[in-house]
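Me: I would like to go through this structure and ask what stands behind the words used for it. Please set each value against its definition.

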Amino acid sequence: MSADPSQHAVEVRRSARRRRTVSAYREGDRTVVLIPARMSEAEERRWVGVMLDKLAAQESRRTLGDTELTERAARLSEQYLGARARPRSVRWVTNQNTRWGSCTPAEGSIRLSHRLQGMPEYVVDYVLLHELAHLLVPGHGPRFWELLEAYPRTERARGFLEGVVAAERLPRIPAAREE
């Protein structure tokens, strides 16, 4: 499986028999999206994006173990940081409720919050890459952000995480009772 779902080729198959539903699945290194034949190109583009995000979320719900997380970190470092970031350990933790990840450069350790589990793959990759960049550049200065510019889904992932934080702050309204 590719570390970045956007790297999969996408094949759209239109069907005259399909009326309303859209579905998608992985077939080797490509993603097949099944849509109704009558759908416009704009609707097709929108649905392809929705289905890619849905598949990525399903795949990331298959919880990665620490070993897979370490392998993923190595792939991301190679792909986006020239393999310069080499963590000694990468693991999930359950004691980070206000941050998505943390890094201790002196120890070469990266910890990701368990709250990321189940989020789209590109979001987990962004947080992992963010922490890998801290192995090379401490702090959040211009040199740090230059490293993350290589990842094409940085802004989208940051927006997703901001949305999660905003949603967590919304007041909980009790469900209305039926009379």
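Reply: Start with pairing: two strands pair if DSSP finds at least two bridges between them. Strands (E, at least two residues) and helices (H or I, at least four) are DSSP runs, numbered from the N terminus. The model is predicted: local features need pLDDT of at least 70, side-chain atom pairs count only at pLDDT 80 or more, and totals for chains, interfaces and linings use all residues. Residues are numbered from 1 along each chain as its sequence is written, and side-chain values use heavy atoms, with hydrogens and water left out.

Me: What makes E2 and E3 a pair?

Reply: E2 and strand E3 (residues 30–36) are joined over 5 bridges, in the antiparallel sense. The definition asks for at least two, so they pair. Within E3, Arg30 stands opposite Glu27.

Me: Which strands are the edge strands of the sheet?

Reply: The sheet is open, has 3 strands in the order E1-E3-E2, and its pairing is mixed. Strand E1 (9–15) and strand E2 (23–27) each pair on one side only, which makes them the edge strands.

Me: Why is Asn95 called exposed?

Reply: Exposed means over 50% relative accessible area, buried under 20%, and partly exposed in between (1.4 Å probe, protein chains only). Asn95 has 63%, so it counts as exposed. Asn95 is in the loop between strand E4 (89–93) and strand E5 (101–104).

Me: How do you know that the length of H5 agrees with its number of residues?

Reply: The expected span is 1.5 Å times one less than the number of residues. For the 16 residues of helix H5 (residues 154–169) that should be 22 Å; the end C-alpha atoms are 23 Å apart, which agrees.

Me: Why are the buried residues of H5 said to line one face?

Reply: Thr154, Ala157, Leu161 and Val164 are buried in H5. Seen down the axis, the buried residues fall within an arc of 95 degrees, so they line one face. The arc is that of the directions from the helix axis to the C-beta atoms. Glu155, Glu162 and Arg169 are exposed on the other side of H5.

Me: Why are H3 and H5 called roughly perpendicular?

Reply: Their axes come within 9 Å and cross at roughly 100 degrees. Angles of 65 to 115 degrees count as roughly perpendicular, under 35 as roughly parallel, over 145 as roughly antiparallel, and the rest as oblique. H3 and H5 are therefore roughly perpendicular to each other. Axes are lines fitted to C-alpha atoms, for helices over the stretch in contact, and angles run from 0 to 180 degrees between N-to-C directions.
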